Amino acid sequence: MVFPPSKAMALALDEARAAAARGEVPVGAVVTDAAGTVIAQAGNRTRERNDPTAHAEMLVIRDACAALGSERLLGCTLTVTLEPCAMCAAAIAAARLERLVYGASDPKSGGVEQGARVFSHAQAHHRPEVVAGVAETEGAALLKTFFAGRR
């Protein structure tokens, strides 16, 4: 099922484009509260920060927690342009995000519906609602264009 892009996904795609302009893998993420208000947004910054954990999801979770003054993002939604990796999926569970919305699937490094499938393990502390495929074409196109330019 294909879902229409939301305001949050449009912002996440903007963050992904900005990441690509910085030479980062084009992934963007946004955290919104239950009313849809944007709490934080970020794009990948692993190269800029020399930090392998500076994925868009990790950065936006940190910023949203700081903005709310809590380590839990109860009632919040994380919208991201690419399926989160296992590291980011574990952070999503730890932050107790209510919902994960993502665009393109990641057969190589995904950790939600591909690969590790973090939320399906008995050890997962929390399982958010997952909505996949939102603006999948746009997110995948950004990645294809970015990597085609690197080859």
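Residues are numbered from 1 along each chain as its sequence is written. In this predicted model, local features need pLDDT of at least 70 and side-chain atom pairs count only at pLDDT 80 or more, whereas totals for chains, interfaces and linings use all residues, and side-chain values use heavy atoms, with hydrogens and water left out.

Me: Why is T79 called buried?
Reply: Buried means under 20% relative accessible area, with exposed set at over 50% and partly exposed in between, for a 1.4 Å probe and protein chains only; T79 has 2% relative accessibility, so T79 counts as buried. This residue is found in strand β3 (residues 77–82), strands being DSSP runs of E with at least two residues and helices runs of H or I with at least four, numbered from the N terminus. Not counting residues up to four places away in sequence, T79 touches A8, M9, A12, G28, A29, V30 and V101, where contact means heavy atoms within 4.5 Å.

Me: What makes the largest group of 34 residues a nonpolar core?
Reply: Such a core is a set of buried Ala, Val, Leu, Ile, Met, Phe, Trp, Tyr and Cys residues joined through side-chain atoms within 4.5 Å, and the largest set has 34 residues, with I61 and L97 having the most contacts inside it. Helix α3 gives the most to this core, namely 7 residues. A second, separate core of 11 residues includes A12, A16, V30 and A135.

Me: How do you know that β2 and β5 stand at the edges of the sheet?
Reply: Two strands pair if DSSP finds at least two bridges between them, and the open sheet of 5 strands has the order β2-β1-β3-β4-β5, with mixed pairing. Strands β2 and β5 (129–132) each have a single partner strand, so one side of each is left without a neighbour in the sheet. The pairing of β1 with β2 is antiparallel over 5 bridges, and V30 has Q41 of β2 as its bridge partner.

Me: Why are α3 and α4 called roughly parallel?
Reply: Axes are lines fitted to C-alpha atoms, for helices over the stretch in contact, and angles run from 0 to 180 degrees between N-to-C directions. The axes of α3 and α4 come within 9 Å and cross at roughly 20 degrees. Angles under 35 degrees count as roughly parallel, over 145 as roughly antiparallel, 65 to 115 as roughly perpendicular and the rest as oblique, and therefore α3 and α4 are roughly parallel to each other. Their contact is made by E57, M58 and I61 of α3 with M87, C88, A91, I92 and A95 of α4.
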